[in-house]
Every structure is written in structure tokens, then in C-alpha cells.
Amino acid sequence: MFSPQVYGYDRAITIFSPEGELYQVRYAGEAVKRGWATIGIKCADGVVLAAEKRKVSALIDLNSIEKVYMIDDHIGIAASGLLSDARVLIEYARQEAQTHKLLYDEPIDVELLTRRISDLKQMHTQYGGVRPFGAALIVGGVDKHGPRLFQTDPGGIYFGFYAVAMGAESSRITEFLEKEYKYDVSLDDCVKLAIRALSLVLEAPEPDRLEIGVVDVKTKMFRKLTTDEVSKYLQEVKGSSPQT
């Protein structure tokens with residue numbers, strides 16, 4: 001039996017394999033799996049986006065690494081995979097959010113923004129001369145429908161979630177979230193759950209190795225937690241009962 005390389009299934013994005021797969025999309029998904037752990041959690045009081053940051057060099061400044069981004073006042077995005085690809089998608093999302101606000105004089109719905117990002121991703125799966133984006137995004141925010149949380153994959157598919165993990169050790173984190181997640185909790189408890197989940201895979205749970213963004217239902221405003229705030233939450237998590 002011929003290998004996929006013989007027929008070029010893994011070389012051209014426009015050629016389906018006999019199994020109905022686009023190999024370049026699958027490979028882009030592998031880039032996401034190799035990314036740093038990233039999670040999103042929504043609860044009754046809002047949405048939390050959190051990501052791991054690794055010190056890949058002793059000389060690197062962790063403050064220069066960004067994994068959680070503000071898109072609009074009420075929306076944030078966390079990325080995993082090729083951050084260079086994610087950066088392009090982030091800029092596109094910001095432009096879409098601002099264009100919508102200028103045209104309709106209202107903030108864009110979280111799902112509508114997710115769909116537009118996903119449409120762009122899908123376009124990069126059907127034209128020759130391009131490749132899929134090697135990044136997955138978790139889009140979280142609060143709109144007229146309440147707290148919303150979605151994930152988009154490199155192929156342009158998106159789903160809504162209560163809690164979702166991607167990147168390295170995502171299956172382990174997902175298993176933990178399935179056991180510990182509750183919707184009717186405070187935003188503070190949601191942040192603590194996110195830290196506990198990431199602590200499962202962190203080499204050292206330290207404030208500068210965690211990036212956390214939150215959107216509160218009351219204010220509908222996205223903001224990133226400061227290092228001091230993350231440090232306080234870490235101390236509270238460490239002082240609580242042992243992880244399960």
C-alpha cells in the first residue's frame with residue numbers, strides 16, 4: 001500500500017486522503033498539542049482564561065511572553081500552538097471587533113467573533129499556496145447572552161464549552177476539570193480552579209509562570225491579573241486542601 005507521501009496527501013492542503021482527511025490540518029493540530037498548557041473556564045460570575053509560560057532560556061524575560069490577549073473591552077483570547085500564527089489571528093480578531101462596533105454601535109457577540117475567526121481559519125484549508133494556522137484559540141467573554149466560552153481549532157471548527165484545555169497535557173487537565181468543575185461558583189473560585197488545573201503540569205507554580213485574564217459578569221470588562229494578584233491566588237490555593 002502506498003504511503004500518503006506518494007500521493008501528496010501531506011503536501012497539498014487541497015487534496016483529501018482516502019480517509020477524508022486533510023493531512024496539513026492534522027499536522028497543524030499536532031503543533032497545538034505541543035504548545036504550552038492553556039485553559040478556559042466559565043462560571044456564573046464570568047470567564048477565566050489562563051495559560052502556562054515556560055522559561056525556555058535562563059535569560060528570557062517572561063514578561064515579554066504573551067499568551068492571553070485582550071480583544072475588546074468584554075472579550076479575551078488565550079492561544080496555544082505557534083504563537084506567531086496566533087498573533088496574526090489576534091490582530092484579525094481585534095479588527096473585526098472594532099469594525100463591528102463602528103458599524104453597529106454595539107459590542108460584538110462572543111460567538112460571532114469566534115465564527116469570523118473560524119471562517120478565516122477554514123479559508124486556509126481549501127486554497128493552494130497557503131497552510132492552516134498552527135494555533136488553536138480559546139475565546140471567552142461576556143455579552144448580552146451572559147458568560148461565553150468557545151474554542152477554535154486549526155481546521156476552522158468551533159465549539160462552546162463550560163471548561164476547556166489545550167496544549168501539552170491537555171487530556172490530564174481535562175480529566176481534572178471534569179471532576180472538579182462546577183458552574184455555580186464565584187469568579188474567585190473559578191480562578192483558583194484554573195490555577196489548580198495548570199499546577200498539574202507546571203514545573204514550578206510561580207506567579208511569573210502564569211498568565212490569567214478574567215471577564216466579570218457585573219462589569220463585562222476583560223482585564224489581566226497582576227503578578228501580585230496571581231501570587232495571592234497561588235498562596236490561597238497552596239493553603240487549601242491537597243489537590244485530587
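## Aromatic cluster

Tyr-162, Tyr-181 and Tyr-183 are linked into a cluster by ring pairs. The model is a predicted one. Across the whole structure, a search finds 4 aromatic pairs.

Take Tyr-162 and Tyr-181. Their ring centres are 6.1 Å apart and their planes meet at 45 degrees, so this pair is tilted. Tyr-162 sits in the loop between strand S7 (158-160) and strand S8 (163-166), and Tyr-181 in the loop between H5 and H6, so the pair ties together parts that lie 19 residues apart in sequence. Tyr-162 also pairs with Tyr-183, this time edge-to-face. Here the centre-to-centre distance is 5.9 Å, with 80 degrees between the planes. Tyr-183 is likewise in the loop between H5 and H6, and this pair links parts of the chain 21 residues apart. Tyr-183 has 31% relative accessibility, which falls between the 20% and 50% cut-offs, so Tyr-183 counts as partly exposed.

## Nonpolar cores

The largest nonpolar core holds 30 residues. Which of them touch the most other members? They are Ile-39, Ile-173 and Ile-212. Six elements are named as giving two or more residues each: strand S1 (38-43), strand S2 (46-52), helix H5 (170-180), helix H6 (187-199), strand S9 (210-216) and helix H7 (227-239). H6 supplies the largest share, 8 residues.

Ile-173 shows the packing at residue level. Leaving aside residues up to four places away in sequence, Ile-173 touches Ala-37, Ile-39, Ala-165, Ala-168, Ala-197, Leu-198 and Val-201. A second core of 20 residues is separate. Its members include Tyr-69, Ala-93, Ile-108 and Val-110.

## Nonpolar surface patch

Met-123, Tyr-127 and Val-130 make a nonpolar surface patch of about 270 Å². Val-130 is placed in the loop between helix H4 (110-123) and strand S5 (135-143). The relative accessible area of Val-130 is 34%, so this residue is partly exposed.

## Asp-188 in helix H6

Helix H6 also carries Asp-188. Is Asp-188 buried or partly exposed? The relative accessible area is 43%, so Asp-188 is partly exposed. The C-alpha atoms of Asp-188 and Val-214 are 9.7 Å apart in space. In sequence, Asp-188 and Val-214 are 26 residues apart.

Definitions and conventions. Residues are numbered from 1 along each chain as its sequence is written. This is a predicted model: local features need pLDDT of at least 70, side-chain atom pairs count only at pLDDT 80 or more; totals for chains, interfaces and linings use all residues. Side-chain values use heavy atoms; hydrogens and water are left out. A nonpolar core is a set of buried Ala, Val, Leu, Ile, Met, Phe, Trp, Tyr and Cys residues joined through side-chain atoms within 4.5 Å. Buried means under 20% relative accessible area, exposed over 50%, partly exposed in between (1.4 Å probe, protein chains only). Helices (H or I, at least four residues) and strands (E, at least two) are DSSP runs, numbered from the N terminus. Contact means heavy atoms within 4.5 Å. Patches are made of residues with over 30% relative accessible area and no salt bridge: like charges are joined within 9 Å, nonpolar side chains (Val, Leu, Ile, Met, Phe, Trp, Tyr) within 5 Å. Accessible areas come from the Shrake-Rupley method with a 1.4 Å probe; for residues, only the protein chains shown count as cover. A salt bridge is a side-chain nitrogen of Lys or Arg within 4 Å of a carboxyl oxygen of Asp or Glu. Rings of Phe, Tyr and Trp (its six-membered ring) pair if their centres lie within 6.5 Å; planes under 30 degrees apart count as stacked, over 60 as edge-to-face and the rest as tilted.
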